[in-house]
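Please consult the sequence and the structure as you read.

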Amino acid sequence: MAKQLLLLLLLFIVHGVESAPPPHSCDPSNPTTKLYQFCRTDLPIGKRARDLVSRLTIDEKISQLVNTAPGIPRLGVPAYEWWSEALHGVAYAGPGIRFNGTVKAATSFPQVILTAASFDSYEWFRIAQVIGKEARGVYNAGQANGMTFWAPNINIFRDPRWGRGQETPGEDPMMTGTYAVAYVRGLQGDSFDGRKTLSNHLQASACCKHFTAYDLDRWKGITRYVFNAQVSLADLAETYQPPFKKCIEEGRASGIMCAYNRVNGIPSCADPNLLTRTARGQWAFRGYITSDCDAVSIIYDAQGYAKSPEDAVADVLKAGMDVNCGSYLQKHTKSALQQKKVSETDIDRALINLFSVRIRLGLFNGDPTKLPYGNISPNEVCSPAHQALALDAARNGIVLLKNNLKLLPFSKRSVSSLAVIGPNAHVVKTLLGNYAGPPCKTVTPLDALRSYVKNAVYHQGCDSVACSNAAIDQAVAIAKNADHVVLIMGLDQTQEKEDFDRVDLSLPGKQQELITSVANAAKKPVVLVLICGGPVDISFAANNNKIGSIIWAGYPGEAGGIAISEIIFGDHNPGGRLPVTWYPQSFVNIQMTDMRMRSATGYPGRTYKFYKGPKVYEFGHGLSYSAYSYRFKTLAETNLYLNQSKAQTNSDSVRYTLVSEMGKEGCDVAKTKVTVEVENQGEMAGKHPVLMFARHERGGEDGKRAEKQLVGFKSIVLSNGEKAEMEFEIGLCEHLSRANEFGVMVLEEGKYFLTVGDSELPLIVNV
């Protein structure tokens with residue numbers, strides 16, 4: 001009997017743990033709920049947040065200004081954790097998520113730089129939808145203390161050495177902004193077109209980071225904590241700010257993270273022009289602003305911008321920041337208040353923003369499991385459909401850089417033996433990149449290749465990715481006896497990561513020597529697979545005929561090994577295209593601290609838009625097992641007349657108008673549609689991204705204008721021999737304008753050219 005009672009008690013305890021709802025406020029079964037306006041769902045969110053803040057003591061208010069916010073038991077408000085991560089899947093970076101209960105793992109998608117290479121914004125949206133859904137599933141399982149996720153990273157991949165470039169969608173501002181919108185809409189529960197009303201309930205909260213001009217971590221002794229990014233007004237307006245503008249205005253992100261670095265002398269988190277006048281004022285941001293972790297403390301401790309801790313607190317709160325990742329505000333806000341450096345009104349402003357987001361997440365509406373998104377089961381985390389999307393994302397992002405004499409795809413029937421060599425061939429962790437969570441399941445490239453060729457011999461080749469020691473003789477011996485050789489090389493998080501930038505662009509250690517030796521010894525040209533985030537100078541391989549094919553696989557996520565093997569053996573036709581320029585090793589002579597985008601005497605510029613120097617591979621480069629042709633349906637010149645009465649003439653005698661003078665109505669009508677016919681002229685069906693660029697007739701000749709700029713991209717699936725028409729809308733204000741030296745967007749008169757592949761369409765703009 002005692003045993004039966006014990007068993008029943010255990011069952012009750014287990015059942016109770018499993019069925020307990022996640023932390024929330026305003027439980028209708030609690031009689032005090034009816035007394036609080038902040039619990040009334042019929043009231044506007046702002047009014048509810050103000051009511052809650054008005055009930056807090058000053059100590060309670062200060063306690064809520066940090067990422068780990070304690071509960072307020074007397075009001076039924078549970079503790080809340082603002083810091084969770086979901087860059088390419090629900091992650092265990094940050095204290096907000098735990099994988100110690102029913103949910104042990106989450107779908108791990110490719111690192112963002114590879115996902116971006118698909119140039120498929122709807123796929124980006126679907127991935128973020130899944131991440132948001134799995135985040136709710138984890139929360140509903142009681143394994144999350146918050147639903148605010150500090151992603152996406154939408155800084156521009158300005159310098160190829162940047163350790164965090166892997167987290168971004170690449171170097172193009174328009175593409176990065178498009179990614180931001182797709183990610184935010186997907187994660188927060190919006191529709192792809194952004195027409196869903198989200199004001200009252202978010203699936204999860206997205207946070208666009210790092211605001212702004214942040215793209216240096218630790219390079220030659222210079223750290224992000226003290227770096228002062230000197231940025232011209234033109235570069236700020238044309239390159240660094242547009243992704244954040246789109247993230248806020250079109251994506252309707254509910255969070256922003258201000259960066260560690262200073263911009264033109266002012267710490268980002270202490271800049272009222274950035275946080276209040278620009279984000280909240282010009283762009284109508286409605287959400288919360290967090291600091292990066294300990295970014296408030298460094299304003300005094302490392303940068304010396306503030307003269308005391310209390311001054312640092314005052315600087316950030318008055319600038320418009322709301323919550324401090326860290327404990328600095330918890331420690332120093334009261335003394336700042338006593339010294340009259342901040343007012344209680346400054347604190348209330350921040351708290352109203354914070355509690356408004358928590359209310360929008362449904363955390364003050366009673367049991368969240370009985371509200372929208374409450375029916376998302378933990379069983380949906382790692383579902384077969386989600387894992388299939390992770391595989392698709394890897395397939396569609398992987399880029400075929402070289403394929404001499406059509407070495408790939410291998411014939412499944414004719415490959416009798418395979419040598420798989422390299423330090424990245426059989427390491428699960430490397431596939432995931434940084435800011436990852438525990439994956440649902442993983443298959444290494446080696447294991448996936450063995451599913452095609454049973455006789456596959458493996459050798460690591462190097463002692464690690466750093467490759468300070470290479471077993472070249474052993475690798476060569478294995479290569480000599482194999483029918484084909486696949487080398488799986490590249491980088492990992494020991495070579496590029498947060499707080500660690502590279503100092504050169506070559507493959508580490510003896511990797512190049514190993515690759516070349518194996519290629520020289522092999523019976524046939526070899527395949528080189530690169531697993532890495534940032535670009536590497538592989539000119540030696542690109543120019544070596546014994547290296548027949550080169551594949552860039554980024555950090556391809558949990559299903560990356562399968563995707564690599566499918567491409568090598570022709571079960572998937574690669575279509576990814578590089579979202580960054582691959583520079584030669586000589587680029588390291590450029591100071592990473594030089595933020596200039598445009599070229600100048602002795603300075604080659606940065607990114608495909610402005611760089612005037614040699615390239616290993618261009619932005620947008622990517623081959624396929626098929627061949628695609630493009631043709632503009634309209635070949636005649638298209639004339640567009642803006643009829644602007646306030647047109648001006650610049651120093652180059654070019655007439656122009658200010659985009660701001662045209663206004664929203666003027667810009668809405670200053671658009672044209674062009675149609676491109678795309679044909680798959682190859683033998684394999686394929687998914688193919690079509691990229692459209694525009695350039696002014698003067699190009700980048702004077703250093704003011706871009707060489708060209710991306711104005712549209714779409715992805716299409718075509719069978720062999722199939723044709724299809726794709727329509728692109730070109731907005732003159734959005735796509736053809738440039739920033740002048742004052743950071744003002746201008747639209748210039750003259751001839752522009754729209755290009756897709758080798759096809760070109762002239763466009764005459766008359767101001």
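## The interface of domain 2 and domain 3

Between domain 2 and domain 3 about 590 Å² is buried, with carbon and sulfur atoms giving 53% of that area. Buried area is the accessible area (1.4 Å probe) that two parts lose on being put together, summed over both. On the side of domain 2 that touches domain 3 there are no nonpolar residues, four polar residues and one charged residue.

The model is predicted: local features need pLDDT of at least 70, side-chain atom pairs count only at pLDDT 80 or more, and totals for chains, interfaces and linings use all residues. Residues are numbered from 1 along each chain as its sequence is written, and side-chain values use heavy atoms, without hydrogens and water.

## Domain layout

An automatic or database assignment sets the domain bounds: domain 1 covers 37-380, domain 2 covers 394-589 and domain 3 covers 628-765. The centres of domain 2 and domain 3, taken over C-alpha atoms, are 36 Å apart. Five residues from domain 2 and 10 residues from domain 3 take part in the contact, meaning heavy atoms within 4.5 Å.

## Helix H11

Helices are DSSP runs (H or I, at least four residues), numbered from the N terminus. In helix H11, residues 309-319, nine of the 11 residues are buried, that is, under 20% relative accessible area (1.4 Å probe, protein chains only). Among them are Pro309, Glu310, Asp311 and Leu317.

The cover over these buried residues of H11 includes helix H9 (272-282), helix H10 (297-301), helix H12 (328-338) and helix H13 (344-360). Just after H11, Gly320 has a positive phi of about 125°.

Key
Nonpolar A, V, L, I, M, F, W, Y, C, P; charged D, E, K, R; others polar. Buried < 20%, exposed > 50% of the residue type's maximum accessible area, 1.4 Å probe, protein only. Helix = DSSP H or I, 4+ residues; strand = E, 2+ residues; numbered from the N terminus.
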